[in-house]
Each structure stands twice: as C-alpha cells, then as structure tokens.
Amino acid sequence: MASSSCNISPPIIPIFVFFLLVSSSFCPVRSSETGSLHAKNQTFRPEVELQKLKTIRELLNKINKPPIKSIQAILSYFAPLISPDGDIIDCVLLHHQPAFDHPRLKGQKPLDPPERPSGVNPNGMGGEDFQLWSMSGESCPEGTIPIRRTSEEDMLRASSVRRFGRKRPRRRVRRDSTSNGHEHAVGYVSGDQYYGAKASINVWTPRVSNQYEFSLSQMWVISGSFGDDLNTIEAGWQVSPELYGDNYPRFFTYWTTDAYQATGCYNLLCSGFVQTNNRIAIGAAISPTSSYNGGQFDISLLIWKDPKHGNWWLEFGSGVLVGYWPSFLFTHLRDHASMVQFGGEVVNSRAGGFHTSTEMGSGHFAGQGFGKASYFRNLQVVDWDNNLIPLSNLRVLADHPNCYDIQGGINRVWGNYFYYGGPGRNVKCP
C-alpha cells in the first residue's frame, strides 16, 4: 500500500478497444421473495414476515462465527467515516471461519504462505492499518482472523435475503455492458494464459444515488466462456449502501464459478475464501481516502496462482498476505485465466427515467488527470513461470463515455496506467 502525493502528469495515449466482459451485481429495488420490483402499496403479511425473520436468523447463525474477542469501530476526529456505533469486528479462530464449513476443507488448517511471483519485493508486514476499526488500537490475537459482523439490519436491507452477499445472476453474461444497468470504464488484456495480476488503485468516496446502486473499482481475473460457466476472482474497493448500510469505501473480494448464479459470494459471507491474516478485515471501511486536488491514497493488490498447490492467493500492499481461494472451487480457473480486467463499475437504475448521478471513481472525468481523476497504475500480469511482467496489449473501453470515461498511457514510473471515472448524469449524459 502506498500514499501518493507527487504531481505526476504522464502523457495520455488513448487506445481503441472492441469488447468488454460484463460482471456484476445488484439490480434496482426488488422484493426479497420473488425478485420482482416493489409495488407502492404492498400488503403486510405477518406470516411471511415472520418466516423471513426466521430465515434471517438462521443465516446469521451460519455466517457469524463465535468470536473469542469483539472490537467495535469508533468515530474519531481524524476519520469520521462510520456511524457512531461503527462496525463490530469479531476475532474468530482461523479454523472456525466460514471457509471451513466447506466439505473439502472440514478438519483442515490454512496453508502456509506460497512462493511469490518473481518481481515482487515484499517489505515486511507494514501497511495493514488502512482500516478504521484498527485505529482503535485493538487487534485480533494470533491464530484468529477479524470478520466484520453481519447484522439483522444488513439482511433486511438486501433486495433478496436468499441471495444475501451474492451478486444478482444474469440470464446470459454478455461481452457488452448495455443491459442490466451496469456501466463500466475498464482496461483489460486477453488472448493469452494468465496466472495472476497486480495493480495500484487510488481510493475515493464516490457518491451513490440510492441504496440499490453501487460504485466499485476492482480487478477481475477471469476464465471460461461468457455463458453459465464463467469463473471470476475479484478484489478491490466498493461503495455499496445495500451491502454495508453506508456510503464509505470498503475493501472487498468476490468469486464465482457459474456466472454469479449459485456459487460464490462477497468477502467471507459463504464458504470459499480462506483468510490467513489477523489484521485485515475484508468488508471493513478504508481510511484515508483520496481528496480532489489534495493527497492521493492508493492500495496495491496482487492475485496470483500458487505454482505448487494451484490455489489463488491475495496479497495487499508490500508483502501482506490476506488469504487464498482454493483451486477446487473453480473449473476453468483451476488451470489459468484467459482475461484480466481492471477498472470501475456502477449500477444505473435510471430512477425517475434519468441516468443515475452515482459517481465512478473520484466522480471526475479521466482528462482531469492526477489529483482529480481516479487511476490504476503499474498494471502487471503473472506469466506461466510465476513472473510478474508488464502488460503488452492493454485495451481500454468506456461503454458510456459521456457518463464515465477512461484514458490510458504508459511511462517509466507508472508503467501501464489509466485514469477513469465520471459524475454520471450531466448535460451530455441525461
């Protein structure tokens, strides 16, 4: 992780592109039982609501594991980002985390750290205190991991209790993003075999217009066809009022093996990702964040496939291992990825018939450059021999450039990079 404030203005080199993978999530307000749009005057049915609450409590008992210690995030004068009551972080024994509910992991222990790709120079375990909950001075003991506690209120906000913590499935995942209200500004590489990816992403607090929209910036590691067998591994930061109940940027992960239908979830909300770090809480708020014409704060993420065991590991900052996705979770990604994608995504629900004013990135267009627009820098991929290498064929695409755009370039300091984002609704984006 790094905090950048140098005034770098690399030359902009637009690059033509021709397609984009659609990958994502929540849709406008829908009922938790049927998925249909909420009616204005719904009849209150006590038996239905009681069953819903029973389902919620059963899910909470499954998600929230018994902690040996709990820490409550507090409001502070230098980081006024969370409500006064804050997140509750539970310190859960490593082998009690949700991943070990999976039949293939029951009775096992987390794996030892893998061989890192050549070209990675870890600088110890610094840079873990980038989340608000850790500013209390409390931490989770060795042998435990911090997990953000899921509340009943979290589930009651969800558009679907049954699919809580999961992205909404698509009837068909397409290579364009003109449907389902998902809009992107991304850079990507394809046409080769990829064994990981790395990037630094600066963090902002974009405005999200309503509870059922979101704004995120992330990396996607992708394999499979663009049908029901799509495999993805994802990590980055997101603002999602539906999932978290606020408008603050949060560190997140995601995975799926069937195009978001029945497998996978955000963070640790199902059995899948195995966390090994006792200082990073996936899903917790990030601090500090970047400011317009001010200091810039970015996070570095590395995802790569362990050559020995085949698992996909996640590293944060300089040498901070977060955990891994076991290879058996996947079909196509059990071997390698066929595409890597970097960039921003928003949901546009077109409330009132207009384009959303939900912001992407900083909320400013790419042409404004450093200190004003959001960026990805030092983009790299991992090759077959576990080497981190520069991108050779980065393509960029904004599917609604009057609302959110992207401009890519390359220089000796930032390597492959791009600026991206925008305000959403404006004179040219009605």
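Rings of Phe, Tyr and Trp (its six-membered ring) count as a pair if their centres lie within 6.5 Å, with planes under 30 degrees apart called stacked, over 60 edge-to-face and the rest tilted. On that basis, a search of the whole structure finds 20 aromatic pairs. The model is predicted, so local features need pLDDT of at least 70 and side-chain atom pairs count only at pLDDT 80 or more, while totals for chains, interfaces and linings use all residues. Residues are numbered from 1 along each chain as its sequence is written, and side-chain values use heavy atoms, with hydrogens and water left out.

**Aromatic rings**
- Phe273 and Trp325 form an edge-to-face pair, 4.7 Å centre to centre with 65 degrees between the planes.
- Phe273 is buried at a relative accessible area of 1%, and Trp325 is buried at 0%, where buried means under 20% (1.4 Å probe, protein chains only).
- Ring pairs also join Phe370, Tyr375, Trp414, Tyr417 and Tyr419 into a cluster.

**Charges over rings**
- A charge sits over a ring if NZ of Lys or CZ of Arg is within 6 Å of the ring centre and within 35 degrees of the ring normal.
- Lys167 lies over the face of Tyr254, 4.9 Å from the ring centre, and the charged end of Arg425 sits over the ring of Phe354, 4.0 Å from its centre.

**Cavities**
- A cavity is a set of points on a 1 Å grid over the protein atoms alone where a 1.4 Å probe fits but cannot get out, and its lining residues have an atom within 4 Å of a point.
- The largest cavity is lined by 14 residues, among them Arg148, Thr150 and Asn267.

Definitions and conventions:
Buried means under 20% relative accessible area, exposed over 50%, partly exposed in between (1.4 Å probe, protein chains only). On a 1 Å grid over the protein atoms alone, a cavity is a set of points where a 1.4 Å probe fits but cannot get out, and a pocket is an open set with protein on both sides within 12 Å along at least five of seven lines; lining residues have an atom within 4 Å of a point.
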